[in-house]
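I opened a notebook page for this structure and wrote down each thing as I looked it up. The entries follow the order in which I went through them.

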Amino acid sequence: MAPDSSVLVIGAGIFGLTAALELHQRGHQVTVADPGPVPHPLSASNDVSRMVRMDYGGDGLYSSLGTDAIDGWHRWNARWGRDLYHEDGFLLMTSVPMAAGSFEQDSYSLLTDRGFPLEKLSSGDLHRRYPHWNSDHYIDGYFNPRAGWAEAGEIIASLVQDAANAGVSIVTGFSAACLLQEGNRVSGAVASDGTELRAEWVVVSAGVWTPILLPDLANRMWPVGQPIFYFKPDDPGAYRAPSFPPWGADIPRSGWYGFPANDEGVIKVANHGPGRRVHADAERVTVPEQESHCRDFLAQSLPSLASLPFLGTKMCLYCDTWDGDFWIGRDPERQGLVVSTGGSGHAFKFGPILGGLTADVLEGTENLYSERFAWRSLGEIKSEDIRYNGERSDGGQDLF
């Protein structure tokens with residue numbers, strides 16, 4: 001492949017922007033097209049925070065990917081001259097004893113075997129170190145200091161600025177409606193207003209809109225809505241690390257996770273459960289049952305937040321793949337087409353290395369993750385860790 005091939009990237013989220021930057025660095029002529037503005041208000045990549053961790057149960061592949069990504073987050077902080085990744089650690093709590101085969105114990109065992117200094121919670125640790133939590137309910141767990149959270153929206157804004165500064169063409173106002181195809185080769189895309197953009201390669205990173213643009217993938221990926229809740233306590237300093245780091249509370253059983261107060265004093269609490277299937281253009285609103293569910297969780301687990309009014313709520317849309325693994329592969333039937341999406345609610349943390357995975361696929365270079373994320377048919381689920389008790393109506397699995 002010529003190093004100066006033209007590439008059209010559809011979508012300016014974490015998949016698309018990192019791919020564009022990496023491909024440009026490798027010598028390709030890159031255009032990114034997005035409806036705009038960027039960060040897009042409906043994009044899954046646009047929010048106040050995203051979890052960054054290497055804790056993936058017994059799944060060594062994602063754990064290794066997370067380890068490499070955290071190194072990349074520190075490089076991005078240095079490049080930008082400000083910390084948009086905050087290494088506040090990750091507190092994983094459980095209401096039942098950790099046991100082999102559980103997400104918590106398998107995460108702990110794999111990471112300690114790899115030499116990471118995790119801090120197992122002993123009796124009284126939760127009450128003493130993390131006093132907001134109900135230590136009668138959560139009886140086991142650990143703290144991983146090599147983890148944290150990322151300011152998602154600010155990071156997307158920084159990446160699009162990096163791309164523009166590097167010479168990547170950023171086209172907004174482009175809502176891709178269909179792909180241009182000549183024979184079995186994809187040669188560009190057409191917007192809803194009839195505008196055409198052409199390139200030798202097209203990378204579709206359109207998130208939940210991907211199966212609309214590529215309907216043949218609709219049986220392997222789809223939008224799933226998950227609720228997010230925001231609070232602003234009177235004393236936000238009490239809800240920051242070290243006493244209130246990023247956390248997961250009974251994740252395989254409840255789906256609840258959250259973040260410390262940010263610079264504006266906002267705390268985010270979210271659920272990574274089964275979710276509900278919705279259309280990509282669905283209104284991003286929670287329903288009363290989800291709000292009640294959140295209140296019940298807080299009353300049991302974080303009583304100091306339970307009576308606070310919601311500062312805001314929204315529904316975040318995951319582009320779920322059927323097996324929870326990312327979809328970064330060449331179309332085997334259409335030349336010139338790469339799809340890089342399918343975050344399944346856990347991709348943002350890998351941002352610093354996602355672009356390299358996509359660029360490798362486009363250039364035909366194998367890496368450690370190529371096979372796992374490749375274009376694939378429905379089949380055996382390879383993920384070792386599952387979302388919310390492993391039960392989902394569509395049979396899929398994934399991670400928070």
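**Cysteines**

How far is the sulfur of Cys316 from the closest cysteine sulfur, and in which residue is that sulfur? I found it 11 Å away, in Cys319, which is too far for a bond. Before going further I noted that this is a predicted model, in which local features need pLDDT of at least 70 and side-chain atom pairs count only at pLDDT 80 or more, while totals for chains, interfaces and linings use all residues. I also noted that residues are numbered from 1 along each chain as its sequence is written, and that side-chain values use heavy atoms, with hydrogens and water left out.

A disulfide is taken here as a pair of cysteine sulfur atoms within 2.5 Å, and I counted 0 disulfides in the structure. Cys316 is buried at a relative accessible area of 8%, and Cys319 is buried as well, at 7%; buried means under 20% relative accessible area, exposed over 50%, and partly exposed in between, with a 1.4 Å probe and protein chains only.

Which way do its side chains point? In a regular strand the side chains alternate between the two faces of the sheet. For strand 14 I listed Met221, Pro223, Gly225, Pro227, Phe229 and Phe231 on one side, with Trp222, Val224, Gln226, Ile228 and Tyr230 pointing the other way.

Two strands pair if DSSP finds at least two bridges between them. Strand 14 runs antiparallel to strand 19 (residues 312-321), and 10 bridges join them; Phe229 has Thr313 as its bridge partner there. With strand 17 (residues 267-271) the pairing is also antiparallel, over 4 bridges, and in that strand Phe229 is partnered by Val269. Strand 18 (residues 276-277) pairs with strand 14 in the antiparallel sense over 2 bridges, where Val224 has Arg277 as its partner.

**Aromatic rings**

I counted 26 aromatic pairs, where rings of Phe, Tyr and Trp (its six-membered ring) pair if their centres lie within 6.5 Å, planes under 30 degrees apart counting as stacked, over 60 as edge-to-face and the rest as tilted. The rings of Tyr62 and Phe373 have centres 5.8 Å apart and planes at 35 degrees, so I recorded this pair as tilted. Tyr62 belongs to helix 2 (residues 60-80) and Phe373 to helix 11 (residues 370-373), so the pair ties together parts that are 311 residues apart in sequence. Tyr62 is buried at 0% relative accessibility, and Phe373 is buried at 2%.

For Tyr239 and Phe244 I read a centre distance of 5.3 Å and planes at 80 degrees, so that pair is edge-to-face; Tyr239 and Phe244 are both buried. Tyr239 and Phe244 also belong to a cluster linked by ring pairs, which includes Phe229 and Phe231 as well as Phe310.

The charged end of Arg295 sits over the ring of Phe310, 4.1 Å from its centre; a charge counts as over a ring if NZ of Lys or CZ of Arg is within 6 Å of the ring centre and within 35 degrees of the ring normal. Arg53 lies over the face of Tyr56, at 4.1 Å from the ring centre.

Helix 1 (residues 14-25) has 12 residues and reaches 17 Å from its first C-alpha to its last, close to the expected 16 Å, which is 1.5 Å times one less than its number of residues. I found 9 of the 12 residues buried, so helix 1 is largely enclosed by the rest of the structure; among the buried ones are Phe15, Leu17 and Leu23. Gly27 follows helix 1, with a positive phi near 105 degrees.

Last, I traced an open sheet of 6 strands in the order 9-2-1-13-21-20, with mixed pairing. Its edge strands are strand 9 (169-172) and strand 20 (327-330), each of which pairs on one side only. Within this sheet, strand 1 (residues 6-10) and strand 13 (residues 201-204) pair in the parallel sense over 4 bridges, and Val7 has Trp201 as its bridge partner in strand 13.
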